[in-house]
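User: Hi! I have a model open here and would like to talk it through with you.
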Amino acid sequence: MKILQGNVFEIVRKVPSGRVTTYGAIAQYLGAVRSARMVGWIMNTAHGYTPFVPAHRVVNRNGLLTGKMHFGGEKVMQELLESEGIMVENDKVCNFEEVFWNPNDELQ
DNA sequence: ACGCTGACTTGAA
DNA sequence: CTTCAAGCCAGCG
């Protein structure tokens with residue numbers, strides 16, 4: 001299964017507000033668990049994409065905000081997450097396991 | 001056309 | 001426990 005921009009964006013847009021997912025989960029859903037980097041790379045192309053892609057809800061498997069630097073600011077990603085009710089501390093998502101949204105289980 | 005890089009993950013040492 | 005290496009593959013110089 002090849003990773004396509006449209007697939008990734010579609011999944012990311014389906015992430016509910018107040019929840020987060022991981023690059024690996026998306027890659028796994030697309031059948032390419034070894035291509036998690038491609039997911040991250042695709043997020044880089046999400047800049048200026050319409051409809052808006054909530055890339056701030058996508059973090060690495062530790063809940064770390066690895067991509068915060070690509071939001072134009074170091075705090076932008078954290079601010080966005082916190083505004084959605086996600087607690088972020090020290091660049092990582094608190095109670096990550098609770099807010100984690102797995103597309104493989106919950107995607108309709 | 002070639003090689004390096006990267007918003008990652010996993011498994012082994 | 002931490003550290004390392006490999007697999008993934010599309011851009012960019």
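User: Which residues surround DNA strand C?
Analyst: DNA strand C is surrounded by Arg-34, Ser-35, Ala-36, Arg-37 and Met-38, where a residue is near a strand if its C-beta atom, placed from the backbone, lies within 6 Å of it. This is a predicted model, so local features need pLDDT of at least 70 and side-chain atom pairs count only at pLDDT 80 or more, while totals for chains, interfaces and linings use all residues. Residues are numbered from 1 along each chain as its sequence is written, and chains are lettered from A and ligands numbered from 1 in the order in which they are written.
User: And how many residues surround DNA strand B?
Analyst: 16 residues do, and the closest are Gly-24, Gly-40, Asn-60, Arg-61 and Gly-67.
User: Which helix gives the most to that surface near DNA strand B?
Analyst: H3, with six residues. Helix H2 (23-29) and helix H3 (36-45) each supply at least two; helices are DSSP runs of H or I with at least four residues, and strands are E runs of at least two, numbered from the N terminus.
User: Switching topic: which residues have the most contacts inside the largest nonpolar core?
Analyst: Val-8, Val-12, Ile-26 and Val-39, in a core of 27 residues. Such a core is a set of buried Ala, Val, Leu, Ile, Met, Phe, Trp, Tyr and Cys residues joined through C-beta atoms within 7 Å, buried meaning 20 or more other C-beta atoms within 10 Å of a residue's own, all placed from the backbone.
User: Which element gives the most to this core?
Analyst: H2, with five residues.

Methods. Buried ≥ 20, exposed ≤ 12 C-beta atoms within 10 Å, placed from the backbone.
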